[in-house]
Amino acid sequence: RTELASKLALHSTRTATMLSTLAASALGLNIGATPAPSSSRGAVSMDLGRPLRVAVVGGGPSGACAAEIFAKAPNIDCTLFERKMDNCKPCGGAIPLCMVDEFELPPEIVDRRVRKMKMISPSGREVDVGRTLKENEYIGMTRREVLDAYLRDRAVELGAKPVTGLVQKVEFEDADGPYTIKYSEYKPGEKKGTPSEAEFDIIVGADGANSRTAKAIDAGEYNFAIAFQERIKIPDEKMKYYEDLAEMYVGDDVSPDFYAWVFPKYDHVGVGTGTVVNRPAISEYQAAIRERCADRLGPDPKVMKVEAHPIPEHMRPRRVVGRVALVGDAAGYVTKCSGEGIYFAAKSGRMAAEEIVALTAGGTRLPTEMEIKDTYLKKFDAAYGPTYLVLDILQK
């Protein structure tokens, strides 16, 4: 890969992070809107003598932010399913500055405030790509177990019911519901889950790239990357170097189509890489990034944790079917080039929930599939579709 290509990849990486703060509604794109089976019924006015039952499947940023909105809404009971409440998703953990204020994140959520970014070529040439950041601007580095727990706990404090359980199946006779969720519930002190089930009127699928909710509604397949990361403890003097610095490495040795990274965390660094085109070789690429950054990590780096996870490469063909809506990674909301997904996950969860709550008219009616598409999907695609399109073109 040439130095020019390295600079272009670097520019697209920074663009992905910063464009998340911009609205691009003028283009009004509706990306990934493959027609899905239409609902057979219209909106249903309700007099059930009970609140609407909403399930949010997945407790990451998208699910937690959706659950928070539902928890605050009148006449809606929200259940938040998460298979492991202390889950540490493999993730670089970078969030744009706008997310801190928009989602009212406390300062302690951000481990490091990155103000310097370097792109490093195979020949060792370094390009400073953080020069455009203003004095008061930074890119926040977080640990997902800390960020996710905070957002999830906030939703629970507002009234969402947490269930530690692995959702195994979503069943329904009609696309309009009701929907039966079958899951294994893990209670405190129990290693084996208890088979359980519950019925819901609306489901928000926030259960990641391997979403079982998406499978249940036949949302369609998509290509995915594999991200691999090691959390590494390094000496204090080496950690000082990464105090406010993030590094991105390019070259076929560390990834034929992506980039590798060294991102600073609270008391360690995350070192990782990713690929779409050659997933079986991910361990070789990880070994290469470890070799490239070896001098900066010191003589005796200690691996604290090894993580791997799929990352969607494009939006699902169908993101709303009946009264089931997908958000976050389950919907495919990860940008090309950078792999940025946290902000878009949180934003999509909040936006979907806000639109659905508005459509329920105070919990008195069930929205239709078309209404959810015409509000949530159209607004999300109009605001962020151009960002995905531009980064897709840059990666190609």
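1. Before anything else: two strands count as paired if DSSP finds at least two bridges between them. Strands (E, at least two residues) and helices (H or I, at least four) are DSSP runs, numbered from the N terminus.

2. Some housekeeping. This is a predicted model, where local features need pLDDT of at least 70 and side-chain atom pairs count only at pLDDT 80 or more, while totals for chains, interfaces and linings use all residues. Numbering starts from 1 along each chain as its sequence is written, and side-chain values use heavy atoms, with hydrogens and water left out.

3. Overall, the protein chain has eleven helices and 20 strands. Of its 396 residues, 57% are buried (under 20% relative accessible area, 1.4 Å probe, protein chains only).

4. Have a look at S9 (residues 161-171). On one side of the pairing list, S9 runs parallel to S3 (residues 76-82) over four bridges, with leucine 80 bridged to proline 162. S9 also pairs with S10 (residues 179-185), antiparallel over six bridges; there, valine 170 has isoleucine 181 as its partner.

5. Isoleucine 181 turns up again in the largest nonpolar core, of 72 residues, where Ile181, Phe70, Phe81, Ile203 and Tyr376 have the most contacts. Such a core is a set of buried Ala, Val, Leu, Ile, Met, Phe, Trp, Tyr and Cys residues joined through side-chain atoms within 4.5 Å. Helix H10 (residues 342-359) gives the largest share, ten residues.

6. Apart from that core lies another, of 19 residues, including Met117 and Trp261.

7. Back to isoleucine 181: beyond its neighbours within four places in sequence, its contacts (heavy atoms within 4.5 Å) include Phe81, Val170 and Ile203.

Technical notes: Buried means under 20% relative accessible area, exposed over 50%, partly exposed in between (1.4 Å probe, protein chains only).
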